Amino acid sequence: MKRAKTLITLSVFIFALGLFAHGTEEEQENAQELKKYLFRGRAQYSVGDYLAAKDSLTQALEIDPENETAKKYLKRVEDAINPADKDYIETRAGMIQEVDISWERPKAIPIATAEIEIIERNPLLEKMSQIIIPKIVFQNAPLSQVILSLSELSEKFDPADGLKGINIVLLNAIADDPKVTIHLRNLSLGKALDLITRSVHYQYDIEEDVITVQKAEGPIIHLNTDFLPISRATVIKLIGKKSSSKASEISQLEEEQGLKNFFGRAGVPFEQASGGPEGAVFAFDGTQIIATNTLRNLEKMRNILVRYKQTKQVEIEAKFLEVQQGALEELGFKWSIHQNNYANERFARTYLGDSNNLRSLSNAFATSSSSGTGQILIDGRSEPHIIRNAPPTFPNSVNLGTNTTLAAGLLGIIEDWQVRLLINALEQHTGSDLMSAPKVTVLSGKTAKITVAQVLRYPQSYGDIQSDVGMAGLNAANTSAGVTITAGTPRDFVDKNVGVEMEVTPTVEDDNCNITLRLDPKVTEFEGFVEYGGKSVALAGARNMVEVPSGFFQPIFSTREIETEVTIHDGATVVMGGLTREEIKSIRDKVPILGDIPGVGRLFRSKGETNQKRNLLIFVTANMVSAGGGLENQQLRNVPQNAIFQDAKIVTPEGLNSRISGSAL
């Protein structure tokens, strides 16, 4: 027991000693910093750099607010500063401080959850929905008697305090009083009245404090005008895609027509041809809807707007992981045997100039550029002038070992025979990894597009080839006309994304927990160019010729695309794979018979293989976020739910000012 107490005492002593040592070390560092700022401030003051001196002395006071030396020199600096310059110095210091604070990342600030503002319903409609009648039975009863009974029942079963019941009036009851037969149980007064009037082809309308019932074909229809506020997010959700060619240029009239069409499809018509009442009006001023219609239709509009009022948006985080690996292995030989006395004659050979029977990978698979060359023949010159017009190259193509030199060359002389052997040996390995993680927030039901690609710009058409012929000299036998040929000029350029593109459309389900994603990832790869058209030839005199290639190159692309639609939980991740590609090119050339001899036959064979493997994985994570940027349903460590992401300080005319926590709403 005594030993245990001793150990505890020793542990406490060591811990206290550590704290003391740590505190002493920190104090020493502060003392050094204080000394440095004091020395710098005094030196700056002595040379007249008052602005810098004030900054240094202020930093010294931040370390030791009670330091008398710093206070004394700071007062001298302030006295030395010209009063006219004080405002300039303070403003400049404040602006520099704003730059420093701008590096701070936004913070998650807790706010109270905003309740959805409910558009107030018509009080008479609200009362009709609250009055529940247990039993309604009418057998061949006049409609006037039914209306009177309903009015009495509304007073009997009205749960509200104060004035009870609803005034229900039948118009033109003397002219027409149809018979009603109906049996209902446990229905609201509004639903019961709707069923009864529809059974005899009547309709009811709601005025300020009375319900009127009349024939459906009656000319008297009471209309009301209401102002219904609507947010931008709700407008975008209701009208769907933009109708203009440029989304940013959609007009207010187009939005008004889109909203009007939507409410018409939802059962609130405004056109008489679609069943709307005569005199109905629909207008939109950018922030609210001005609607003139029956009270029942206006109530439908309120219910629709309440349903769409909540702003639902989704944060889409896409992660693209692409791995690419290439390998090339090649070994080949070129033989040439001839007798020294007959240098221009070969006894045996496998190559001549650039031609080679035992091919390499670059010989076998490289794009031929013969169609992209031309020439100029000039009288008096033995060799033509070559015009080269090869197609442009593009990265990420399969490695063919082009533009590599021979590994070795051997020359042997045996008596009068000369033997030459060229060895082509090459081994190359390449690889690249790409990781991109873009993030975007989009409204529910709208489409977000993410692109990680290179842009290839190419023409869709070419102009006509132009040719001009000059005048010949006086002596036509010895001179010729000059010829100028201009190839077609490329025009109508378009951009093509070569890489990964993805369109994603998230839709938040009614349970507010699941998200449906419509995904359309597409991988586009460049394959090469193809040349269209033939060469242009012009003759000048008897022996001069100009041959120009067409140069009409068009690119070829390969595309891999997936279209799918899935439903996931809020915060879940969708994994898409299968966008893999492996390309293998190989050659196996040999000299017959000689290439089959064991051992020695390898010298008469050419073998090469190159392959490129590419694999792309796409991860898509969907998170429901609030209008403040915080996660709506998920919990994060040290981040309040539904927090608003914002800079803690903002710039005001008076300088930097801190936000009050929770003041966003």
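Is Asn186 buried or exposed?

1. This is a predicted model. Asn186 counts as exposed, because its relative accessibility is 57% and the cut-off for that class is over 50%. Asn186 sits in strand E4, which covers residues 179–188. Its backbone deserves a look. Phi of Asn186 is near 50 degrees, a positive value in a residue that is not glycine. Most residues other than glycine have a negative phi.

2. Asp492 also has a positive phi, about 55 degrees, and is not a glycine either. Asp492 belongs to strand E22, residues 490–508. At 47% relative accessibility, Asp492 is partly exposed, because that class lies between the 20% and 50% limits.

3. Next, a charged patch. Glu25, Glu26, Glu27 and Glu29 gather on the surface as a patch of negative charge. Glu29 is placed in helix H1, which spans residues 2–46. Its relative accessibility is 47%, so Glu29 counts as partly exposed.

4. Glu271 is a loop residue. The loop in question runs between helix H9 (252–265) and strand E8 (281–284). Glu271 has a relative accessible area of 40%, so it is partly exposed.

5. What does Glu271 contact, leaving aside its neighbours within four places in sequence? The partners are Lys260 and Gly276. The C-alpha atoms of Glu271 and Asn261 are separated by 9.9 Å, and the two residues are 10 residues apart along the chain.

Methods
Residues are numbered from 1 along each chain as its sequence is written. This is a predicted model: local features need pLDDT of at least 70, side-chain atom pairs count only at pLDDT 80 or more; totals for chains, interfaces and linings use all residues. Side-chain values use heavy atoms; hydrogens and water are left out. Patches are made of residues with over 30% relative accessible area and no salt bridge: like charges are joined within 9 Å, nonpolar side chains (Val, Leu, Ile, Met, Phe, Trp, Tyr) within 5 Å. Accessible areas come from the Shrake-Rupley method with a 1.4 Å probe; for residues, only the protein chains shown count as cover. A salt bridge is a side-chain nitrogen of Lys or Arg within 4 Å of a carboxyl oxygen of Asp or Glu. Lys and Arg count as positive and Asp and Glu as negative; His and the chain ends are not counted. The place of a charge is taken as NZ of Lys, CZ of Arg, CG of Asp or CD of Glu. Helices (H or I, at least four residues) and strands (E, at least two) are DSSP runs, numbered from the N terminus. Buried means under 20% relative accessible area, exposed over 50%, partly exposed in between (1.4 Å probe, protein chains only). Contact means heavy atoms within 4.5 Å.
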